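Work through the following exercises with the sequence and the model beside you, and try each task before reading its solution.

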Amino acid sequence: MKYDVCIIGAGPAGIFTAMEMIRRGSQKKIIIIEKGKAIENRSCPKSKTKQCVNCKPYCHITTGFSGAGAFSDGKLSLSSDVGGDLPNLIGEDLVQETIEYTDKIYLEFGADEHIEGIGNSEEVKKIRKRAIQAGLKLVDCPIRHLGTEKAQDIYYGIEQYLLSNGVDIIFGYECTNLKIDNGVCTGAYASNGKEDIVVEAQDTIVATGRRGAEWLENLCTEHGIDHQPGTVDIGVRVEVRNEIMEKVNEVLYESKLIGYPQPFKNKVRTFCQNPGGFVSQENYDNDLAVVNGHSYKELKTNNTNLAILVSHNFNVPFNQPIAYAQKVGELANMLGAGHILVQRFGDILDGKRTWPKELAQSNLKPTLPDAVAGDITAAIPYRAMMNIINFIQALDHVVPGFASTETLLYAPELKFYSNRVTMDVDFNTSVKGLHCLGDSSGWTRGLMMASVMGVLMGRKL
């Protein structure tokens with residue numbers, strides 16, 4: 001199979017590469033290899049079973065056309081200050097210009113024109129003042145909220161656009177390796193378990209997302225692709241009643257707060273806030289169950305959830321940050337018998353586990369019904385746990401009631417970022433003909449910045 005461009009992974013980075021090439025009139029022959037299904041064939045059985053059934057061979061929430069974006073809360077961050085370190089590679093001005101360009105494409109395919117987090121300047125000042133008093137930094141970021149169900153419609157439209165413009169997409173095939181000869185990447189190997197194929201291409205793009213971080217790390221080691229150990233985030237998903245977050249939800253929709261709490265001063269941040277949202281479970285290929293959050297445009301709950309993440313950067317001689325975070329997740333899964341653990345914040349401070357009857361008696365009802373009440377402190381390392389506790393107590397000054405006894409903490413919330421691949425401003429790696437984009441490259445985090453990287457790659461090709 002011979003192509004001009006081979007894209008591995010049909011997430012935002014990969015599909016926006018192909019889309020921008022088409023919009024620029026490219027006549028190059030493009031193929032996208034995706035191990036999951038077309039978006040119209042993706043479905044999570046949990047809506048019927050009420051509990052995760054650990055789908056095989058992969059989780060439909062994280063795998064398939066548009067990647068995890070189709071089943072996430074679908075938030076597009078419209079600021080270059082949010083979404084990773086791409087501005088450090090190519091410059092803030094170019095990133096912001098491309099965000100605005102990419103945002104217009106999402107609007108063309110049906111994104112909501114309303115932007116959250118703009119206006120209400122006086123209310124924002126009040127929130128910022130309380131954040132400063134608590135030793136936290138509030139990051140302003142306009143948000144375009146797609147919503148989980150709307151995101152699926154938007155990405156379906158993009159999928160059909162690519163197919164109708166001659167892009168070949170093969171679903172159900174997993175890339176097993178890159179085809180590298182004498183320091184030059186000439187394509188990729190893929191398999192559906194029954195048939196093996198070889199795709200030859202002048203340019204090969206790895207855009208496998210956060211889910212493909214470990215896979216790409218192994219390839220970098222195998223083929224000598226220059227890279228540096230990346231960051232991993234270890235944390236929890238916090239859930240409170242909407243009444244607690246009411247003002248912040250109304251004014252900002254998503255409060256992006258950063259702190260460096262005592263005594264360790266690691267970077268701790270809030271991430272992926274979902275007003276009226278649902279706590280959810282995702283499963284990785286190695287049966288690792290991690291917690292996440294979704295927010296729909298129409299379907300709402302009485303709760304708001306958000307992640308609190310502690311960044312871990314490791315130095316020599318240790319160079320396996322992803323494996324480290326996985327071990328933390330495996331321990332949490334072991335304590336929860338394969339399910340997500342949940343614990344009340346007050347019980348953590350009291351040094352006791354949470355019992356199911358205590359959850360039943362609270363004002364706050366978990367939106368992840370099969371989460372197991374237990375003790376997350378038996379799994380999360382002391383350093384991370386202390387950072388989380390102290391950050392929550394600081395957040396209580398910004399949002400009174402956030403650190404209440406019944407506030408729920410779910411674990412594990414893990415964000416795997418690939419070891420950062422060394423690239424130039426044209427996204428060329430140390431191997432000729434090979435490019436790495438999106439969250440799998442270690443340079444971006446989230447839908448918009450991954451999409452931006454794809455747009456820029458498309459222009460260069």
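**Exercise 1.** Decide whether Phe278 is buried, partly exposed or exposed.

*Solution.* Recall the cut-offs: buried means under 20% relative accessible area, exposed means over 50%, and partly exposed lies in between, with a 1.4 Å probe and protein chains only. Phe278 has a relative accessibility of 22%, so it counts as partly exposed. The value for Tyr296 is 23%, and therefore Tyr296 is also partly exposed.

This is a predicted model, in which local features need pLDDT of at least 70 and side-chain atom pairs count only at pLDDT 80 or more, while totals for chains, interfaces and linings use all residues. Residues are numbered from 1 along each chain as its sequence is written, and side-chain values use heavy atoms, with hydrogens and water left out.

**Exercise 2.** Classify the aromatic pair of Phe278 and Tyr296, and state which parts of the chain the pair ties together.

*Solution.* Rings of Phe, Tyr and Trp (its six-membered ring) pair if their centres lie within 6.5 Å; planes under 30 degrees apart are stacked, over 60 edge-to-face, and the rest tilted. By this rule there are 8 aromatic pairs. In the pair of Phe278 and Tyr296 the centres are 5.6 Å apart and the planes make an angle of 85°, which is edge-to-face. Phe278 belongs to strand E14 and Tyr296 to the loop between strand E15 (289-294) and strand E16 (303-312), so the pair ties together parts that are 18 residues apart in sequence. Strands (E, at least two residues) and helices (H or I, at least four) are DSSP runs, numbered from the N terminus.

Now take Phe318 and Tyr324: their ring centres are 6.4 Å apart and their planes stand at 80°, so this pair is edge-to-face. Phe318 is partly exposed at 31%, and Tyr324 is partly exposed at 26%. Finally, ring pairs link Phe16, Tyr106 and Tyr155 into a cluster.

**Exercise 3.** Find the ring over which the charged end of Arg353 sits.

*Solution.* The test requires NZ of Lys or CZ of Arg to be within 6 Å of the ring centre and within 35 degrees of the ring normal. The charged end of Arg353 sits over the ring of Trp355, 3.9 Å from its centre. Likewise, the charged end of Lys460 sits over the ring of Phe427, at 5.8 Å from the ring centre.
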